[in-house]
Amino acid sequence: MLSNQNFINSDAAVPGLNRNQAYSTKLFLPPQDLINQFENLMNPLFDQVEVLQEKIDTLTKTRNLLLPRLISGKLTLKQANASL
């Protein structure tokens, strides 16, 4: 939350965060039931992002292993498809 706040410290030559100003700044938090609804809605999407990232990583590794072999001619597309 602190990184999104606009703190203006005019008491010092070097801009920074004044403790008293930070403590006096009000933060608005949603009710817990709204937070729970958001989590229930978003958790499956975050899970899907994680699964898709793992697939991307696997495909990237596969590409990095196959591409040099295909370019050098040590492996044909037919052989590469058969190994998948």
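1. Which helix holds L66? The place of L66 is helix α2. L66 is buried, because its relative accessible area is 16% and buried means under 20%, exposed over 50%, and partly exposed in between (1.4 Å probe, protein chains only). The C-alpha atoms of L66 and T76 are 9.7 Å apart, and the two residues are ten apart along the chain.

2. Basis of the model. This is a predicted model: local features need pLDDT of at least 70, side-chain atom pairs count only at pLDDT 80 or more, and totals for chains, interfaces and linings use all residues. Residues are numbered from 1 along each chain as its sequence is written, and side-chain values use heavy atoms, without hydrogens and water.

3. Confidence. The protein chain has a mean pLDDT of 85, with 80% of its residues at 70 or more. pLDDT is the predictor's confidence in each residue, from 0 to 100.

4. Fold elements. The protein chain has three helices and zero strands. Helices (H or I, at least four residues) and strands (E, at least two) are DSSP runs, numbered from the N terminus.

5. Burial overall. Of the 84 residues of the protein chain, 7% count as buried.

6. Surface charge. D47, E50, E54 and D57 gather in a surface patch of negative charge. Patch residues have over 30% relative accessible area and no salt bridge, and like charges are joined within 9 Å, nonpolar side chains (Val, Leu, Ile, Met, Phe, Trp, Tyr) within 5 Å. A salt bridge is a side-chain nitrogen of Lys or Arg within 4 Å of a carboxyl oxygen of Asp or Glu. D47 sits in helix α2 (residues 32–72). D47 counts as partly exposed because its relative accessibility is 46%.

Terms used. Accessible areas come from the Shrake-Rupley method with a 1.4 Å probe; for residues, only the protein chains shown count as cover. Lys and Arg count as positive and Asp and Glu as negative; His and the chain ends are not counted. The place of a charge is taken as NZ of Lys, CZ of Arg, CG of Asp or CD of Glu.
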